[in-house]
Amino acid sequence: MPERMQSYLERVQEQIRWKRARPVLIQELARHLEDQRDDFIKEGKTPEEAERLAVEDMGDPVAVGTELDRIHHPRPQWGLLGLTLALAAVGVFLRVTFSQIGGDSRAYFTHTLERALLSLGLGTAVMLAMYFLDVSRLVRHARALYFAALATTVLFHLLFYPTYFYSTYSISLTLAFYPLVYALWLYSFRDKRWKGLFLSIFGGVPLAMYLCRIPYGAGLFLLLFSGLTVTLYAAGRDWFGVGRWKGLWAVLAVPAVLAAYLFSRGYLSSFLGRVQIALHPELDPKCRGFIGSILRMFWEDVPPLRHYGNVGAAIHAGARVRVYTGSPFVSEKTVPVGYSHDYLPASIAVQWGWVPLLVLLAALAVLLLWLLVKGLRQSYLPGRFVVLAVALTLGLQTLFSAAMNFGFVLFSASLPLIVGNRQTVVNMALIGLALSVFRGDSIAREEPNAPLRQRKRLRVRIEYQ
């Protein structure tokens with residue numbers, strides 16, 4: 001770039017305080033200067049004179065830089081950050097409180113408190129790290145991230161299968177990041193026509209195969225549902241360039257073929273039977289419907305509000321546990337066991353009534369709807385995909401957990417930000433990544449696609465004489 005124009009851009013850049021915004025804005029400004037210069041050259045001006053006129057037309061560099069600094073600045077997400085931290089703190093309180101109600105030893109209670117506080121601190125640090133991350137870097141390396149996720153999955157499988165470490169950590173990581181990885185993979189094939197559409201769809205096959213290998217039904221359903229949602233969303237906006245309705249029908253053909261295959265193999269009928277048992281657990285109360293039957297029995301006598309003092313009542317794996325204390329004053333008490341288990345929401349209702357549980361679920365629903373609505377309004381399309389993947393992941397996880405705790409036991413799931421220490425850290429990381437999209441929305445720009453290569457065509461002309 002000529003020295004005059006380079007000097008102008010440097011003076012403009014000095015006025016922009018947000019370091020992340022500087023390269024984006026200066027690149028746009030440089031492109032505009034070059035266009036102005038080229039226009040003047042077309043009018044017959046010399047290159048030197050065209051550069052001078054282009055710089056003069058742009059205006060004073062200090063004034064231009066100051067105006068850009070005023071318009072483009074980070075957009076703090078204090079409300080979403082505060083609500084996320086509040087829910088995570090409530091989760092710590094509940095896990096620690098139910099440990100104390102359970103009458104465990106003081107050493108075990110201290111251990112639980114330390115782990116819960118550590119998860120809150122670590123989760124906050126990870127969320128802030130994601131919050132200040134430039135999402136465009138993930139977008140630029142979407143395919144590399146996809147293959148890195150596959151390589152990590154294979155390595156994890158070779159090193160730790162079939163240990164307890166393998167099953168627990170695999171579930172936490174795959175449930176959280178597979179939908180996000182697939183959404184970025186999908187976006188990397190925009191405007192690639194039929195080839196891009198088919199490659200984006202088949203990209204979910206290795207991820208689904210791994211979830212079948214664990215096996216993990218909830219993660220598989222979440223991946224398939226979120227993957228179908230974002231693919232339909234992309235096809236409906238004709239991001240592949242094959243036509244809106246053609247893309248939609250091609251995407252819908254995939255679940256239709258999959259359902260036909262599962263039905264022919266007998267898997268679909270088995271799943272439908274599982275759904276029937278979840279809806280009516282009394283059909284199989286001693287086997288697959290046992291937990292659902294017990295949970296619904298508990299809900300029959302749970303009042304809106306109640307307080308037991310030091311006497312607790314909770315659910316663990318669908319069973320009430322009574323402990324004989326040996327005390328002459330308290331002969332027995334009902335205590336929660338496995339307070340950090342997936343049944344913690346039901347334990348909250350049995351302990352304090354269903355109103356506190358509904359308030360907690362409502363607060364979580366507000367957070368997720370806030371993320372979803374704000375994400376769909378983003379002008380930066382890759383950021384919209386990132387937020388959509390995060391909202392679907394946490395939303396379906398919340399839906400599965402609530403359904404299970406209310407007696408519809410189809411998939412196991414942990415309530416986001418409330419249940420589990422490791423799960424809380426992962427959830428806060430995902431939310432931080434979504435908030436980074438909102439924070440940098442004013443400077444988010446899509447990189448232009450590389451121009452399509454022109455195909456050489458052979459034309460044959462036949463003349464009759």
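Visitor: Which residues of helix α3 are buried?

Guide: Buried means under 20% relative accessible area, exposed over 50%, and partly exposed in between, with a 1.4 Å probe and protein chains only. Helices are DSSP runs of H or I with at least four residues, numbered from the N terminus. In this predicted model, local features need pLDDT of at least 70 and side-chain atom pairs count only at pLDDT 80 or more, while totals for chains, interfaces and linings use all residues. Residues are numbered from 1 along each chain as its sequence is written, and side-chain values use heavy atoms, leaving out hydrogens and water. In α3, the buried residues are A50, E51, L53, A54, V55 and M58.

Visitor: What follows α3?

Guide: After α3 comes G59, with a positive phi near 105°.

Visitor: Which residues touch the most other members of the largest nonpolar core?

Guide: In soluble globular proteins, nonpolar side chains tend to be buried together. A nonpolar core is a set of buried Ala, Val, Leu, Ile, Met, Phe, Trp, Tyr and Cys residues joined through side-chain atoms within 4.5 Å. Here the largest core has 92 residues, and L94 and L435 touch the most other members. Helix α18 (residues 381–405) contributes the largest share of this core, 11 residues. A second, separate core of 15 residues includes Y8, V12, I26 and V55; V55 is also one of the buried residues of α3.

Visitor: With which residues is L94 in contact, leaving aside its neighbours within four places in sequence?

Guide: Contact means heavy atoms within 4.5 Å. With those neighbours left aside, L94 is in contact with L344, I348, W352, L360 and I418.

Conventions:
Helices (H or I, at least four residues) and strands (E, at least two) are DSSP runs, numbered from the N terminus.
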